[in-house]
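Hi everyone, thanks for coming.

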Amino acid sequence: MKKVQLTETVLRDANQSLMATRLPYADYEGILADMDKAGYYSVECWGGATFDSCLRYLGEDPWERLRGLRKNLPNTRLQMLLRGQNLLGYKHYHDDVVEKFIELSIKNGIDVIRIFDALNDFRNIATALECTKKYANERTVASGCISYTQSPVHTVEKYIEMCKELKTMGFDTICLKDMAGTMSPYEAEHLIKGIKDAIGDMTLILHTHCTTGMAYMTITKAIESGIDVIDTATSCFSGGTSQPATETMYYALKQYGIETGLDEDVINKVNDYFKPIKQKYIDNGQLNPKSLATDAQALVYKVPGGMLSNMIANLTDMHAMDKFDAALAEIPKVRADLGYPPLVTPLSQMVGNQAVTNVLVGERYKNISKEIKNYIKGEYGIAPAPINQELLDKVLEGAQPVDCRIEDQKRTGEEFIAAKEALGDLARSEEDVMSYICYPDQTMKFLNDRKAKEENEAVYTIEEM
Ligand code: CO
């Protein structure tokens, strides 16, 4: 019997897409033992924005959360999302920091590391792959992930080439990540058939979002075309900017005669558990019902929804909403000049802001943001297509583009030592130091709060005695 497996995203991407990753561990600890029996391919539960949100908003130690997940989901693959050399942020870290982060992630319980680079510059994911292999145990899966976008240079042939490269690099599985939810059923069919022909029996995964309304149709075509794993969210946390629904796909696949390995009672129980949690966050305003709607604008303007709302907010602030149409028309031009980068964070914001600036100043590239200059210099990696020569000359001023890998190749331990020194006795583990390297301000505050809380508790204990 044909088999398609499901990755449950409620703890990470659905949580991030619908409610800005504000779901505390305590809210879902009670359902983990059941989730462990559901039969998912994996549970995506860590990485992405969860780490930042734990420290910044929830007063939680992300590593402790991971250990809790590991303890309560002993039979399930725990999955994280990792932005290659940027780990969970936007800066390029040194190789030894990437190595330590991966070592600790696996040690604390991660099984599947899904690794991507916003530009699909695979030099930026090579170290993360190498380290995953180095610290792998029998459950570890290194998943190579492609940021999916549409442009004249992003052809089916180009994606097939990328997949062949990921296979050659040594990844165990490949994931197509359609972060804006713009992949159409037609594109899915051609892509997946082509890729499956090229990579043989290697596991292929589709990650998409319901944002534009395409997802269910796209996934259906993907299944017919040979996809092995799809990402879904328990139904009350599905739809809108999140993933398609787990139970819906279970029933549809069952009628197809395709095995999922899922336990029907358990996946329904999981959804029942999350219903009141969802309601709680709708009531307190944390979950905006707007994020549950379908927004097809991304298909019309070829711009992700989040980027549009960001642009509208900026123009409104500057009392320049009359320039909205002109700014919108400017985006494809800027994107083409920059060599068609995928419009994913942080590039979506950078391209949007540059388009607005061009229109407001009334002259193209009279002002160029620092981030765009760094991108043009090569600091983020190589653009998918050549950058406009005039723009390149203007920014480089005769200098050579930089190699994004030079800085990273240092293996001196200096970032780790400096972080350890900065924390002093606040740090009690390598995990604390790693949190600080990723998010210095938030971690400093979190560790100070932890210390103060413990001192308070110590005082209470003495008084009570
Ligand atoms: Co996603």
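Let's start with Lys134, which counts as exposed at 56% relative accessibility. For the cut-offs, buried means under 20% relative accessible area, exposed means over 50%, and partly exposed is in between, with a 1.4 Å probe and protein chains only. Before I go on, a word on the source: this is a predicted model, where local features need pLDDT of at least 70 and side-chain atom pairs count only at pLDDT 80 or more, while totals for chains, interfaces and linings use all residues. Residues are numbered from 1 along each chain as its sequence is written, and side-chain values use heavy atoms, leaving out hydrogens and water.

So who is the partner of Lys134 in a salt bridge? That is Glu99, with the closest N and O atoms 2.7 Å apart. By salt bridge I mean a side-chain nitrogen of Lys or Arg within 4 Å of a carboxyl oxygen of Asp or Glu. Lys134 sits in helix H7 (residues 123-135) and Glu99 in helix H6, 35 residues apart, and the pair links distant parts of the chain. Helices here are DSSP runs of H or I with at least four residues, strands are runs of E with at least two, and both are numbered from the N terminus.

Another one joins Asp111 to Arg70, with 2.8 Å between the closest N and O atoms. Asp111 is in the loop between helix H6 (95-108) and strand S4 (112-115), and Arg70 is in helix H5, so this pair ties together parts 41 residues apart in sequence. Is Asp111 buried or exposed? Buried, at 2% relative accessibility, and Arg70 is buried too, at 18%.

For a local example, take Lys275 and Asp272, whose side chains meet at 3.2 Å, N to O. They are three residues apart in helix H12 (residues 264-283), about one helical turn. Lys275 is partly exposed at 43%, and Asp272 is partly exposed at 45%.

Finally, back to H5. The axes of H5 (residues 62-72) and H20 (residues 430-438) come within 9 Å and cross at roughly 125°. Axes are lines fitted to C-alpha atoms, for helices over the stretch in contact, and angles run from 0 to 180 degrees between N-to-C directions. In H5, Pro62, Trp63 and Arg67 meet Glu431, Met434 and Ser435 of H20, contact meaning heavy atoms within 4.5 Å.
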